[in-house]
Amino acid sequence: MSQTIKLEWDYMPPPELRGNSRASWQEKLSIKNAYIDSAIIRLRQEDWEPMEKARINYYVYWCQKPIDRDNLHNGCKYLQDALVHEGLLKDDNPDILLDSTFEYTRVAKKKDVRFIMEIIEVEST
């Protein structure tokens, strides 16, 4: 039986980690580490078994200027690294992490902003 894990934040991936960021590596380092830690903390609160293969759906509930999908995707790289670090996935290469999708929903108020990462196990064939 396949498993699904949902990790949720009430903020988007930090702008410094997105594809269009001009931040230096020194500026990014502590932000990146804090973001990875946030994913690890959330993952450790879930009950899961390691996955051979997975796909990820990202659900974005955002109220300000839209974030380009490719820039947002770059910011999610560190979340995927956290999945490997914790042993949920062996690697985040395309043979194991098959694909990811982004679904945007506009919300009216900042209090409704959410970022959800849904990791879905894919049965090996």
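The largest pocket is lined by Pro15, Arg18, Asn20, Lys65, Pro66, Ile67, Asp68 and Asn71. The model is predicted, with local features requiring pLDDT of at least 70 and side-chain atom pairs pLDDT 80 or more, while totals for chains, interfaces and linings use all residues. Residues are numbered from 1 along each chain as its sequence is written, and side-chain values use heavy atoms, without hydrogens or water.

**Pocket**
- The volume of the largest pocket is about 160 Å³.
- A pocket is an open set of points on a 1 Å grid where a 1.4 Å probe fits, with protein on both sides within 12 Å along at least five of seven lines; lining residues have an atom within 4 Å of a point.
- The lining of the largest pocket comprises 3 nonpolar, 2 polar and 3 charged residues.

**Helix packing**
- Helix α1 (residues 25-44) packs against helix α2 (residues 69-85) at an angle of about 50 degrees, and their axes lie 9 Å apart.
- The contact (heavy atoms within 4.5 Å) involves Lys32, Tyr35, Ile36, Ala39, Ile40 and Leu43 of α1 with Gly75, Tyr78, Leu79, Ala82, Leu83 and His85 of α2.
- By class, this contact of α1 with α2 has 9 nonpolar, 2 polar and 1 charged residues.

Definitions and conventions: Axes fitted to C-alpha atoms, helices over the stretch in contact; angles between N-to-C directions. Helix = DSSP H or I, 4+ residues; strand = E, 2+ residues; numbered from the N terminus. Nonpolar A, V, L, I, M, F, W, Y, C, P; charged D, E, K, R; others polar. Points joined across faces, edges and corners; volume = space filled by probe spheres on them.
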